[in-house]
Amino acid sequence: MGVTRSDPVWAQAGQRVVLVTGPSGAGRTTAIGALEDLGYEPIVNLPLNLVPRLLKGHLTGPVALGVDVRGRDFSAAALIELVDMLTKRPDLDLDLLYLDARPEVLERRYSETRRRHPLSPVEDPGAGIAQEMDLLSPIRMRADVLIDTSEMSPHDLRAEVGRFFDTGRTEPLSVTVNSFSYKRGVQRGLDLMFDCRFLANPHWEPGLRARDGRDAAVAEYVAADPRFAEFHQRVLDLLLFLLPAYVAEGKAYLSVGFGCTGGQHRSVAMTESIAKALAEAGWRVSKRHRELERLGHAENEETKVRSGA
């Protein structure tokens, strides 16, 4: 791993602009995604001659510009000329980020993904890699920040980009707590899932059957199960343990699901209670009751927003 700086790049007076380039396969997409999570607006493969116009008051927040050899007007000379011009503007704080990797690493990555190299679509990727690295060599020499990704995982690269370009505007982790019915299938997109079907079922109480887990009487019935308190506390403790780890991993969204037979009583009561507890602990939480929404009884709700999580 190699970089050209040892200290983070902190925002200056001008608008932050990070121009991201480097050979195909070196991690440009991952780096731009990391910058987006840090609060930068990503713009990819914009023709170079349009960049100055874009940066004339049309954007106010930090911007990540992805540039590569596929651009129709791309050339090393044109990119260097653009960098020189933007560097002279007092209203901009520009950094050229160059993602690099050893040729044999790039070849291995192309072999693993079976992608075609943009400069040698019908030939061995090695020929295109050599041509691209030669084309980009003048730009590499001009980089403000150079990161060699040869030995990096995507997580390592995201962390390194964060070290250099964190603006302090990163959005907190968003947690969605869901209830669903196993009869209608496990909800898609869940990161963590908990089965509530072992709890006492209000469905068998005639006075509670038509209500749902948001109703105080239903929630009290579910909470009266001797196993509920320990289950609730263990789930909450697990989530409070995991959430900071997901933040450190760079995760932006987490979806937690609670399921029961009908998705109306037990899972809803747990979702309501856990969402409330997480919000009170300072996390940004929203909740969704899939089966109640299907029946027209509920809509997505944002429980609480906290930016300090």
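Biologist: Is F198 buried or exposed, or something in between?
Modeller: F198 counts as partly exposed because its relative accessibility is 33%; buried means under 20% relative accessible area, exposed over 50%, and partly exposed in between, with a 1.4 Å probe and protein chains only. Bear in mind that this is a predicted model, in which local features need pLDDT of at least 70 and side-chain atom pairs count only at pLDDT 80 or more, while totals for chains, interfaces and linings use all residues. Residues are numbered from 1 along each chain as its sequence is written, and side-chain values use heavy atoms, with hydrogens and water left out.

Biologist: And how about F231, buried or exposed?
Modeller: F231 has a relative accessible area of 14%, so it is buried.

Biologist: How many aromatic pairs are there?
Modeller: There are 4 aromatic pairs in the structure, where rings of Phe, Tyr and Trp (its six-membered ring) pair if their centres lie within 6.5 Å, and planes under 30 degrees apart count as stacked, over 60 as edge-to-face and the rest as tilted. One of them is F180 with Y182, which is edge-to-face because the planes stand at 65°, with the ring centres 5.0 Å apart. Both F180 and Y182 are buried.

Biologist: What is the geometry of F198 and F231, then?
Modeller: Their planes are at 85° and their centres 4.9 Å apart, so F198 and F231 are also an edge-to-face pair. The pair links distant parts of the chain, since F198 sits in the loop between strand 7 and helix 7 and F231 in helix 8, 33 residues apart; helices (H or I, at least four residues) and strands (E, at least two) are DSSP runs numbered from the N terminus.

Biologist: Back to Y182: which residue lies over its face?
Modeller: That is R197, at 3.7 Å from the ring centre of Y182; a charge sits over a ring if NZ of Lys or CZ of Arg is within 6 Å of the ring centre and within 35 degrees of the ring normal.

Biologist: Changing topic, which residues touch the most others in the largest nonpolar core?
Modeller: In that core of 30 residues, V256, F258, M270, I274 and L278 touch the most other members, a nonpolar core being a set of buried Ala, Val, Leu, Ile, Met, Phe, Trp, Tyr and Cys residues joined through side-chain atoms within 4.5 Å. Several elements each supply at least two residues of this core, among them strand 6 (174-181), helix 8 (228-249), strand 8 (253-260) and helix 9 (266-280). A second, separate core has 27 residues, including I80, V83, L86 and A143.

Biologist: What does F258 touch?
Modeller: Not counting residues up to four places away in sequence, the contacts of F258 (heavy atoms within 4.5 Å) include F180, F194, V235, M270 and I274.

Biologist: Which residues of strand 3 are buried, and on which sides?
Modeller: V63 and L65 on one side and A64 and G66 on the other are all buried, so both faces of strand 3 (residues 63-66) are covered.

Biologist: What runs alongside it?
Modeller: Strand 1 (residues 15-21) is joined to strand 3 by 4 bridges and runs parallel to it, and strand 2 (residues 41-44) is likewise parallel to strand 3, with 4 bridges; two strands pair if DSSP finds at least two bridges between them. G66 in strand 3 stands opposite V20 and also opposite V44.

Biologist: What about the backbone at N45?
Modeller: N45 has a positive phi of about 60° although it is not a glycine. N45 lies in the loop between strand 2 and helix 2 (51-54) and is partly exposed because its relative accessible area is 30%. L48 is found in the loop between strand 2 and helix 2, but L48 counts as buried at 7% relative accessibility.
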